[in-house]
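Try each task yourself before you read its solution.

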Amino acid sequence: MIKLRSKRFSRGNSKLGSGGSNSGGGTVKGRGGGGGEIKWELRPGGMLVQKRENGESEGEELITVRASTVSQWHDITIQATSTFGELKMILSLVTSLEPREQRVLFKGKERQDCEYLHMVGVRDKDKVLLLEDPAIKERKLLGLGLASPNYRTISV
């Protein structure tokens with residue numbers, strides 16, 4: 001039964017190959033007629049897909065993400081399969097905020113460090129919002145003594 005499907009698929013594919021040879025080449029024509037071994041790869045999301053043969057895969061694609069803070073923005077070039085944690089590490093070099101002090105929002109939601117950019121839908125030239133964690137900001141102010149005025153209480 002599997003062999004019958006295989007024959008039917010290759011016969012239909014040869015019709016496509018002979019009829020569409022002037023179109024400039026699609027990915028279906030190059031793979032189907034050779035009868036070679038199919039190679040598989042495991043994507044970060046856990047999906048098993050057929051490996052691409054042209055040498056270019058989405059995992060190697062670099063995207064530019066615009067990280068916007070309240071007063072400034074930064075263009076960051078990163079791999080599409082990176083995580084938000086890796087993005088925070090790069091942003092820490094640019095903004096001098098530690099990754100634990102950062103909150104990254106994309107499409108109105110705060111994203112966790114373990115989430116992948118491409119799985120959430122981040123594409124080239126997309127914008128993410130970078131905020132400083134308010135709790136850590138408050139701790140900094142209290143630790144430096146900037147939150148309370150500098151005066152003494154005199155009791156009689």
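**Exercise 1.** Is Asp133 buried or exposed?

*Solution.* Keep in mind that this is a predicted model. Start with the cut-off: a residue counts as buried under 20% relative accessible area. Next, take the value for Asp133, which is 12%. Asp133 is therefore buried.

**Exercise 2.** Find the salt-bridge partner of Asp133, then see which residues are joined into one network.

*Solution.* Step one: Asp133 forms a salt bridge with Arg103, and their closest N and O atoms are 2.9 Å apart. Arg103 sits in strand 5, while Asp133 is in the loop between strand 7 (126-132) and helix 5 (134-144), so the pair links distant parts of the chain, 30 residues apart. Step three: Arg103 also meets Glu110 in a salt bridge (3.4 Å, N to O).

**Exercise 3.** Compare the accessibility of Lys88 and Asp113, which form a salt bridge.

*Solution.* First, the closest N and O atoms of this pair are 2.9 Å apart. Lys88 belongs to helix 3, and Asp113 to the loop between strand 6 (109-110) and helix 4 (117-120). Now look at the values: Lys88 has a relative accessible area of 4%, so Lys88 is buried. Asp113, at 40%, counts as partly exposed.

**Exercise 4.** Which residues make a nonpolar surface patch?

*Solution.* The patch is made by Ile38, Trp40, Leu42 and Leu48, and covers about 480 Å². Pick out Leu48, found in strand 2 (residues 48-50). Leu48 counts as exposed because its relative accessibility is 56%.

Key: Residues are numbered from 1 along each chain as its sequence is written. This is a predicted model: local features need pLDDT of at least 70, side-chain atom pairs count only at pLDDT 80 or more; totals for chains, interfaces and linings use all residues. Side-chain values use heavy atoms; hydrogens and water are left out. Patches are made of residues with over 30% relative accessible area and no salt bridge: like charges are joined within 9 Å, nonpolar side chains (Val, Leu, Ile, Met, Phe, Trp, Tyr) within 5 Å. Accessible areas come from the Shrake-Rupley method with a 1.4 Å probe; for residues, only the protein chains shown count as cover. A salt bridge is a side-chain nitrogen of Lys or Arg within 4 Å of a carboxyl oxygen of Asp or Glu. Helices (H or I, at least four residues) and strands (E, at least two) are DSSP runs, numbered from the N terminus. Buried means under 20% relative accessible area, exposed over 50%, partly exposed in between (1.4 Å probe, protein chains only).
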